[in-house]
Amino acid sequence: MVTLAPKRMRIPGRKRFGGIFSGDVASFAFLFGFGFLFTAFFHVDSWRPALYGSSTPAFPAVLGLLTLCCAVGWRGLLRRGFAWVEPAELTWLDFAPVNRGRVVTLRLLGAWTGVVAVTGYLAALLLAVGGAGLDQWRAAVAMVAATGVTAFATARRTSLRLDALGPLALAVLGLGIAALRLGPAAVQLVAAGVLVAALPLAFGGEPVSGAGRAALLAGWDGRVLRSVAVTFLDPMMLLPPSVPAGGLSLRRPTPLRLAWAGTLGRSRYAGAALLIALAVVVAHIAVPTVPGAVLIGLGGYLALTPFGAGLGELWRNPGRRRWLGSADRELVLAHGLVLGGVGLVWTAALVVVTLAGGTSFAATAWLAVPLSVLSILRTVTRTAVDYANPGFVDTPMGPMPANLTRQLFRGLDLLLVGIALLAAAV
């Protein structure tokens with residue numbers, strides 16, 4: 001009797017579909033979240049003044065914003081956070097007649113489905129609230145489908161040097177759609193061009209499903225780090241590390257030289273910062289009810305936080321500060337000076353994008369950029385999380401750890417209060 005080797009293998013004790021059909025907490029969270037998001041379509045009349053005010057929705061700008069959302073989702077897939085296998089499962093699969101690449105491929109499909117679902121939901125909500133016609137719906141579906149195919153074609157292979165240019169080019173197209181007020185037919189032609197570009201972008205590199213053991217374990221390490229940071233309310237663990245910056249010596253380490261080296265070592269986030277600048281301008285055109293200070297403040301905080309990670313690493317490691325031999329105030333001033341320079345560069349890029357989009361921000365809204373720099377410095381200089389006294393207080397949602405929440409939102413508190421003042425000053 002011949003026993004056929006199984007083509008699929010399920011690890012014992014592993015819940016299917018993330019446990020959403022188990023009747024446990026995951027099922028409740030799924031049903032609650034789905035119901036909350038779905039009920040928004042029954043209150044489009046209430047959402048319309050909040051998003052578009054009393055003006056007629058500018059659907060070219062809405063389609064441009066949708067294109068920006070697709071670009072952000074595409075860039076998120078290019079991080080390839082799905083390429084991981086936990087060590088125990090990896091060892092299990094090594095001695096089982098199952099291809100471990102299937103596990104990575106299924107995770108890729110899951111991540112890709114999530115990105116398409118989120119962008120599709122945003123498109124449906126924005127168009128439904130604005131009362132779009134059939135032509136706008138066709139253009140939106142074409143754009144989501146085309147970018148979804150292109151994102152999958154590039155994410156399924158290993159990373160290439162110019163991968164980040166694809167989402168950035170798509171974001172520029174979104175700005176062009178909003179600035180030139182292109183109609184639905186033109187947007188469908190742009191979507192067709194994006195779909196055609198998927199063919200050459202799919203070549204090069206190796207299939208990510210064939211990643212080696214070292215790459216899969218590195219992905220697992222990153223996943224564990226993200227999980228621990230969320231579980232213990234310590235987002236500073238997610239600050240990106242620096243890579244070696246060639247041509248810069250630290251034989252005589254000074255705070256300013258170390259800050260500059262850390263910024264150069266994180267220059268890979270420059271494309272993401274430019275992508276955020278494009279999103280800020282297009283969102284300002286598409287959703288006129290959101291104050292410019294809110295968009296610039298939140299955008300600047302997200303764009304510049306990776307460049308302030310060097311100070312965060314020093315602050316979390318007293319041994320490195322002792323090695324450097326500088327006072328804490330000197331470290332903060334040096335890193336603040338470099339981060340302020342990066343903020344000026346980002347502001348200049350935002351000005352160029354704003355002029356290209358044919359729009360403008362209030363003068364007080366630009367003060368949100370230095371506000372975001374100060375907020376980042378306050379965020380990364382947070383002391384280690386103290387779990388000894390969580391400080392639970394009773395709220396309508398149940399007991400909340402007030403002390404942990406205060407530590408979690410250090411830096412963001414300054415940003416939110418400052419944004420509220422700037423928005424009220426308009």
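The model is predicted: local features need pLDDT of at least 70, side-chain atom pairs count only at pLDDT 80 or more, and totals for chains, interfaces and linings use all residues. Residues are numbered from 1 along each chain as its sequence is written, and side-chain values use heavy atoms, without hydrogens and water.

**Two packed helices**

Two packed helices are described by the angle between their axes and the distance between the axes. Helix H13 covers residues 309-316, and helix H15 covers residues 328-357. Their axes lie 10 Å apart, at an angle of about 165 degrees. That makes H13 roughly antiparallel to H15 (an angle over 145 degrees).

Which residues in H13 and H15 meet? Gly310, Leu311, Leu314 and Trp315 come from H13. Asp328, Leu331, Val332 and His335 come from H15. Contact means heavy atoms within 4.5 Å. By class, five of these residues are nonpolar, two are polar and one is charged.

**Arg321**

Arg321 is found in helix H14, residues 318-324. Is Arg321 buried or exposed? Arg321 is buried, with a relative accessible area of 18% (buried means under 20%, exposed over 50%, with a 1.4 Å probe and protein chains only).

The side chain of Arg321 has these polar atom pairs:

| Partner of the Arg321 side chain | Distance |
|---|---|
| Asp328, side chain | 3.4 Å |

The Asp328 pair is a polar contact, meaning N or O atoms within 3.5 Å, one able to donate a hydrogen and the other to accept it. Leaving aside neighbours within four places in sequence, Arg321 is in contact with residues including Leu314, Ser326 and Leu331.

Technical notes:
Axes fitted to C-alpha atoms, helices over the stretch in contact; angles between N-to-C directions. Helix = DSSP H or I, 4+ residues; strand = E, 2+ residues; numbered from the N terminus. Parallel < 35°, antiparallel > 145°, perpendicular 65-115°, else oblique. Nonpolar A, V, L, I, M, F, W, Y, C, P; charged D, E, K, R; others polar.
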